[in-house]
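Trainee: Could we go through this fold together? I would like to start with the sheet and then turn to the helices.
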Amino acid sequence: MSVVEPGAPDDLASGVRADFRSAYGHAATVVGRAPGRVNLIGEHTDYNAGLCLPLALPHATYAALARRDDGRVRIASRQAAEPWEGSVDALGAGSVSGWASYAAGVLWALREAGQDVPGVDVFIDSTVPLGAGLSSSAALECSVAVALTDLLGLDPTPRVRRELVAACMRAETEVAGAPTGGMDQTVSMLAEAGAALLIDFEDHSTRAVPLAPEDAGLALLVTDTRVSHALVDGGYASRRQDCEAAADQLGVASLRHADLAAVEGLGDERVRRRARHVVTEIQRVRESVAAIEAADWQELGRQFLASHVSMREDFEISCAELDTVVQTAVEAGAVGARMTGGGFGGSAISLVPLDRLDAVMRAVDTAFVAAGHRPPAHLRAEPSAAADVVAGGRPDPDTT
């Protein structure tokens, strides 16, 4: 079994500082840490002004930064072969491509918001699996954002954190070119340890929902199918367009206000199915929150399974590997399972009795081999804290 461990934060912070010095020949001033996320339920509801229920993972991205006096920006990563370099005055859409656009986009967005962003050196390291639908892009953005906020001497108040969410969303949408709805950046910036985060995208309010399945002898298991997931691919954008078309045909501002009976009357069969998923998924979020608060884990498992069927049949964003995880996990003892994230690959999440955890992972691995799929990877989803400057993130005492 391949199990992805989150790593010790202090060790990872020390490692990224060492990599920074090796890359640039001087010390980092600050290290920001931001978590990846897994969405318990509420898929493709964010850009429909709906509800979703993500949690922050212990797996995180670390960004080491130091100010420059010449207006240059240099960005490198342990996970990327090619660094990027340019001018802080020339950032924005079309100026940066690939992975570096997520980091550079944050610098641009904060400048656009009126912050005096200087040239900087940036070095990135991460334990968030790439392309797994676990928001590695938002973790990258938010780690840079919190580090830069510290570099600029700003106090990360709740208001500032919400401003950083907006900046990171602009970075991903306008510079990286991914049509994000904002769930990923919101949970990375606002999560609380030991809780999922209920997000209402109509008014952008949030509420922590205490989440402790281990008290009932259960664990949340994430399985990365290793099928590449990218929000800049056309499938995500086309689903969003279908949802907007449905809302327009129904005469509502968003599908948050759509009635299921009215949805069933839509003439276009594909648009009807897309809208049906969103309307029923928003209701599943409500029922999942109620199940968690009542410690009714069997009901949460039922909501997981209903969500997966909806995404497979109505939204058509599952794939053979995701379906294999869900079916196999349940057959091996999971209480419920569903694909999670934007779809077209990525990960599934299962609610599993602790005494069946290894058995479920082995069963999924075996099923993947039998189906000829690439071996998957697994990780434990334990509700973790939001992005922040890590301990020890002050200037390196050794500046020689």
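Predicted model: local features only at pLDDT ≥ 70, side-chain atom pairs only at ≥ 80, totals over all residues.
Trainee: What is the strand order in the open sheet?
Mentor: The six strands run S5-S4-S6-S3-S1-S13, with mixed pairing. Strands here are DSSP E runs of at least two residues and helices are H or I runs of at least four, numbered from the N terminus; two strands pair if DSSP finds at least two bridges between them.
Trainee: Which strands are at the edges?
Mentor: Strand S5 (84-87) and strand S13 (388-389) are, each pairing on one side only.
Trainee: And how do S1 and S3 pair, parallel or antiparallel?
Mentor: Strand S1 (residues 30-39) and strand S3 (residues 54-68) are antiparallel, over nine bridges. Asn 39 has Pro 54 in S3 as its bridge partner.
Trainee: Which strands does H3 touch?
Mentor: Helix H3 (residues 136-151) touches S1, S3, S6 and S13 (contact means heavy atoms within 4.5 Å). Its direction makes about 150 degrees with that of S1; axes are lines fitted to C-alpha atoms, for helices over the stretch in contact, and angles run from 0 to 180 degrees between N-to-C directions.
Trainee: Changing topic, at what angle do H4 and H5 pack?
Mentor: Helix H4 (residues 158-175) and helix H5 (residues 183-190) pack at about 145 degrees, with axes 9 Å apart.

How values were computed. Residues numbered from 1 in each chain as written. Heavy atoms only, no water.
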